[in-house]
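Please look over the sequence and the model below.

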Amino acid sequence: MNKPIVVGINGSAGSEAALTWALERAARDKLPVIAIHAVDDRWMSPDFQYHEFIRQSGMELLQKAQASASEQAPDVKVDIQLRHGSGGSVLREVSKEASMVVVGEHDKHWMDGGPMTDRALQIVSASEIPAAVIPLKRGGDHGVVVGVDGSEESLQAVSFAAAEADRGGDELTVVLAFRRPARWVENQLPNSGLAETILEEDRIVLAESVAGLGDKYPDLVVHQRLETDTEPAKALVEAAKDARLLVVGSRGRGGFSRMLLGSTAHAVLLNVPCPTIVTRVHKVKHED
């Protein structure tokens, strides 16, 4: 059975962009789409006079999205669902039976508390499957970029990104970035060769991250990019500004075991350069 792509709908321009992207992917992969709107009515009494009005407004929003989907992709089956609860909890629940969750980029012009209330971050953190965040402006249409750091999650991200690039006829750029030790640290350790050791280790990690891709995808062009004095998130955003897709793992080697979303993925999602997928191909056990 082909699992559907789930799209979060809230009436914003971001959710419209997410729906369009999800329909394109569904048409390509011959998958159905489920458009979901979450009514967060936990604070409301059922007797509250606007309760039914809010439900009705949510359903009208979904029906409008369904009609738009029918015009954009008439061959894609699109169902609609009105759910109750927070957006994160609702999409976490439906993600158990879906292939991907898709949401729009957070509207940075809303005066609603900023990143701490970013719905995209909440949903990506809660999702148990790959989650895509779609910006209003797509940027470029060529190339797939993926971030690596040697962790098991990043290797899963490379596998996912390679399959995406090969299927779309794109080139794959694999990026590993790290910030060099502060100059005062290097000056205190003049003979340690610390920076050179880190650089050599990361060259090896980068090479190992792409090992075997040529055998599996003989036509895939793979570029290795090592950034030696840039924060990982900044390097990925820059590398992917003209890309069709950016792929990152949910966590990296520096993450804490109880964190649902790593710092690099979090930072990337605050500055989404292009459609970005956070992978969760399978769970990886981490030692505390």
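## From one threonine to the whole sheet

Thr 279 lies in strand E10. The model is a predicted one. Thr 279 has a relative accessible area of 2%. It is therefore buried, the cut-off being under 20%. What does Thr 279 contact, leaving aside its neighbours within four places in sequence? The partners are Pro 130, Glu 153, Ala 157, Phe 160, Val 247, Val 248, Gly 249 and Ser 250.

**The sheet.** Strand E10 belongs to an open sheet of 10 strands. Their order is E3-E2-E1-E4-E5-E10-E9-E6-E7-E8, and the pairing is mixed. Strand E3 (78–84) and strand E8 (222–227) are the edges, each pairing on one side only. On average, neighbouring strands are turned by 25 degrees against each other, direction ignored.

Helix H1 (residues 13–29) packs on this sheet. H1 touches strands E1 (5–8), E2 (33–39), E3, E4 (100–104), E5 (131–134), E9 (245–249) and E10 (276–279). The direction of H1 makes about 145 degrees with that of E4.

**Strand E4.** How many residues of E4 are buried? The count is 5 of the 5, so E4 is largely enclosed by the rest of the structure. In a regular strand, side chains alternate between the two faces of the sheet. Met 100, Val 102 and Gly 104 point one way from E4. Val 101 and Val 103 point the other way.

Strands of a sheet pair through backbone hydrogen bonds, either parallel or antiparallel. E1 and E4 pair in the parallel sense over 3 bridges. Here Val 6 has Val 101 of E4 as its bridge partner. E4 and E5 also run parallel, joined by 4 bridges.

**Strands E6 and E7.** Elsewhere in the sheet, strand E6 (residues 144–147) pairs with strand E7 (residues 172–177). The sense is parallel, over 4 bridges. Val 144 stands opposite Leu 172 in E7. Leu 172 also touches Val 146, Ala 161, Ala 162, Ala 165, Leu 213, Leu 220, Val 221, Val 222 and His 223, not counting residues up to four places away in sequence.

**Helix H5.** Helix H5 spans residues 152–168, 17 residues in total. From its first C-alpha to its last it reaches 25 Å, close to the 24 Å expected at 1.5 Å a residue. Its buried residues are Glu 153, Ser 154, Gln 156, Ala 157, Val 158, Phe 160, Ala 161, Ala 162, Glu 164 and Ala 165. Among these, Glu 153, Ala 157 and Phe 160 are contacts of Thr 279. Ala 161, Ala 162 and Ala 165 are contacts of Leu 172. Just after H5, Gly 169 takes a positive phi of about 70 degrees.

**Nonpolar cores.** The largest nonpolar core has 48 residues. Val 7, Val 102 and Leu 172 have the most contacts inside it. H1 gives the most to this core, with 7 residues.

**Salt bridges.** Side chains of opposite charge can pair when their charged atoms come close. The structure holds 11 salt bridges. The table lists some of them.

| Pair | N to O distance |
|---|---|
| Asp 170 – Arg 244 | 2.6 Å |
| Arg 225 – Glu 227 | 2.9 Å |
| Lys 241 – Glu 238 | 2.9 Å |

Where do Asp 170 and Arg 244 sit? Asp 170 is in the loop between H5 and E7. Arg 244 is in the loop between helix H9 (232–239) and E9. The pair is 74 residues apart and links distant parts of the chain. Asp 170 is buried, with a relative accessible area of 9%, while Arg 244 is partly exposed at 23%.

Are Arg 225 and Glu 227 buried or partly exposed? Arg 225 is partly exposed at 30% relative accessibility, and Glu 227 is partly exposed at 22%. Lys 241 counts as partly exposed at 43%, and Glu 238 counts as partly exposed at 41%.

A network of salt bridges links Arg 25, Arg 28, Asp 29, Glu 164 and Arg 167. Of its members, Glu 164 is one of the buried residues of H5.

Notes. Residues are numbered from 1 along each chain as its sequence is written. This is a predicted model: local features need pLDDT of at least 70, side-chain atom pairs count only at pLDDT 80 or more; totals for chains, interfaces and linings use all residues. Side-chain values use heavy atoms; hydrogens and water are left out. Helices (H or I, at least four residues) and strands (E, at least two) are DSSP runs, numbered from the N terminus. The expected span of a helix is 1.5 Å times one less than its number of residues. Buried means under 20% relative accessible area, exposed over 50%, partly exposed in between (1.4 Å probe, protein chains only). Two strands pair if DSSP finds at least two bridges between them. Axes are lines fitted to C-alpha atoms, for helices over the stretch in contact, and angles run from 0 to 180 degrees between N-to-C directions. Contact means heavy atoms within 4.5 Å. A salt bridge is a side-chain nitrogen of Lys or Arg within 4 Å of a carboxyl oxygen of Asp or Glu. A nonpolar core is a set of buried Ala, Val, Leu, Ile, Met, Phe, Trp, Tyr and Cys residues joined through side-chain atoms within 4.5 Å.
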